[in-house]
Structure formats: structure tokens, C-alpha cells
Amino acid sequence: MRSHISDSLRTWYQYYPVKDVFMSSQNASFSSNYDIDSTNQGDNPIVVDNEIRFSMSDTLTDLTLFDISAFGNLSEKVLLYWNYEYLARAHEAYQQTSKVHLNEVRREAEEAYTLDNQIDPIPQKAYDDVLILLKEVFHSGIPMPEFSWAEDGSLSLTWFLENGIATMGLYGDDIVIYSVFCEEKRQVEGVCELSDIPVLSGFLSILSNILRR
Amino acid sequence: MKLSPGDKLTRFIRNNSHCKGGKIRPDVFIPPHNSVDVSVYVISNLSEDQIWNIAIKCLTTKTVARADIFVENVYINGLKVIPDRPPSRHANITPFPELPDPTCPKNEVNLTAKKDRRALANKLAKKSIFIPQPTKP
């Protein structure tokens, strides 16, 4: 069965052009004329092997990059997968880069703490929680955040938007405090458990949409 | 020292990760967990040299930049600017929501307070202006 590309899918289509969408009861695929080399830029994910495959009810969530259930013409929850080898390499590189940035933040925070006893130390658990959260961020396909720390002992992931700012704060207590503030007063904010993947995915999905505008 | 909405404040930034790329991180405006104050200096009618001299005289650690903000943008968010001398021109942006019980981080009141503190910090950061430390000739 060949699917029509809905309006919502078209938005995605513009971002990651595909030639066609093919679907059956068990699986589906996009074909693409994207060239792997020309698309491998920055933090944005790329189309691999001229094809993006996705299958229904697959449990390999580690491979999930996008939840495209929001696309209007797909009634079932459909997860989009990338080439496994590419994804594994990309994830590893992402983790390494994140760790380098986090180590810089750690050095800075520890130095500040030794000079000023008013500052709350950042617990090791906060760094560990950031790495866990980054896994979700990576799979959401949004750019790598910027890392910083605050005097209340928290770590922050920050994205600067065209007219606003998005942050996720972690204190090492399994809690994530997230928010988006935009110029037009549009605000999204909340608190959830680090293990609450549906809530985190929802927030990251909103952020992804804002970043792609 | 009576402040009007048009008066200017500055928060001295001592860490590079708080202003990397010339963008002020909200973390600059988050107070320590046992405090409801963010320390600032009133810089209305001061020259750049005079402002940087405050950092040299009053801070024990080196400064890398400043986050300047108008008093108006503090008031808009329901916060006050309370003079807190000495040193001269020192003030606090206050009161950030109190964390009633730091020993129970998952207490709902604590979580709401943390969220609100971060929301205020976001708003202040968004309205503040990045001023880098001038390089010495």
C-alpha cells in the first residue's frame, strides 16, 4: 500500500526529503534521494543508505529516533528507525562529545565551589542523570544542548531558540525540571521523573517542533 | 537608594559556561538552595571602567562578563531589588521562592519552588544583556 504524505508528514519531508512512502501491514519504508555525505552536517540526523525503515511494534527503543505517531495518516504508533550501525556510531560520538562538555562544566563548578562555600556542590548523581537524559535527547533528533551549572547544585541543558530559551534542569534526585519560554509568551514548563519517558518525549517533541520552525 | 524601573543592575559572571557564545544562561540567576537572593550591583550613571572596578574591588574571584538588566524587568516578574550595603551599590534581587525542606527534594512544595525559581531565572536571563570583560591593552 502506498501512503499519501499528509501535511504533518510534509513538514518532516521538507526537513529530510524522501521520494516515497511505502507501507504494508507489518512494516513500511521511505526511499530517499538524500546523499549520505551531503547530509552529514552538525548535530542533525541523516538519512542512511537512501532509505529510512520503520516497523510497527518493534521493541528496540534504543534505535528509535522519531516517534512519528503524530503524522496524521498513520493511525498506529509507528517508530522510525535508522541504520543500526550508523545510529550506534552516532550515539557513541554524541555521548563522547557530551562527556567532554560535561567534564568542562564539572571542572568549573568544582573550582567555583572550592572558592565560595555559599555555592551548593553538584552531586555525582546529577552528572549521571544528565547522561541518562541525553539518551532521550539524542533519540529525539534535536541538537545537542549547551551544558552549565547553577549555584543551587543543579546542572542545566539549554537550547537558545530564535525568540526564546528552553532548559532542562537536574539535581541528581531523578527529577527533571523542564521549560520553554518564547517571546510570544508561549510557555511550556513542568516537572517529571527522569524515568517518565512519555512526558520527556512529549516535551522534547515540542522542542523539536520549535527548533525546526 | 531608591530605584526606578529605568535603573540598571548588573550581575557579575564568574564562569565561562554561564555565558559561552555571548549568551547568558539562566543559571546565572539561580540562587544557592538556602538563599532567596541573587546578588547584583546598581550601575546606573556609572562608566564602564567604574562598573568593572566594582568587580575588582568587591569580588574575590575573577569576572569574565556581566549580565546587565533593567530594574523594570525585575519588577515585571514580581521580584524586588533591595539595597544590601556594604559594599556600596550592592543589592539583592529577591525574593526567589524558598525551598522549604531541602532534605526532601521530591516534596511537591520543593519541586514547585525549584520550578518557579528556574522559571524566574529564565525570564531574567532572557531580558539581560551580555557584556564581556574588556581585554586589557
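In this predicted model, the charged end of Arg66(B) is placed over the ring of Trp52(B), at 4.8 Å from the ring centre. Trp52(B) also belongs to a cluster in which ring pairs link it with Phe12(B) and Tyr41(B). Over all chains, the count of aromatic pairs comes to 4.

**Pair of Phe12(B) and Tyr41(B)**
- Phe12(B) and Tyr41(B) form a tilted aromatic pair, with 5.6 Å centre to centre and 55 degrees between the planes.
- Because Phe12(B) lies in strand E1 (residues 8–13) of chain B and Tyr41(B) in strand E2 (residues 38–42) of chain B, this pair ties together parts that are 29 residues apart in sequence.
- Both Phe12(B) and Tyr41(B) are buried.

**Pair of Phe12(B) and Trp52(B)**
- A tilted aromatic pair is also formed by Phe12(B) and Trp52(B), where the centre to centre distance is 6.2 Å and the planes are 50 degrees apart.
- Phe12(B) is in strand E1 of chain B, whereas Trp52(B) is in helix H1 (residues 48–58) of chain B; the pair therefore ties together parts that are 40 residues apart in sequence.

**Charges over rings**
- In chain A, Arg106(A) lies over the face of Tyr127(A), 4.0 Å from the ring centre.
- In chain B, the corresponding arrangement places the charged end of Arg66(B) over the ring of Trp52(B).

Methods: Residues are numbered from 1 along each chain as its sequence is written. Chains are lettered from A and ligands numbered from 1 in the order in which they are written. This is a predicted model: local features need pLDDT of at least 70, side-chain atom pairs count only at pLDDT 80 or more; totals for chains, interfaces and linings use all residues. Side-chain values use heavy atoms; hydrogens and water are left out. Rings of Phe, Tyr and Trp (its six-membered ring) pair if their centres lie within 6.5 Å; planes under 30 degrees apart count as stacked, over 60 as edge-to-face and the rest as tilted. Helices (H or I, at least four residues) and strands (E, at least two) are DSSP runs, numbered from the N terminus. Buried means under 20% relative accessible area, exposed over 50%, partly exposed in between (1.4 Å probe, protein chains only). A charge sits over a ring if NZ of Lys or CZ of Arg is within 6 Å of the ring centre and within 35 degrees of the ring normal.
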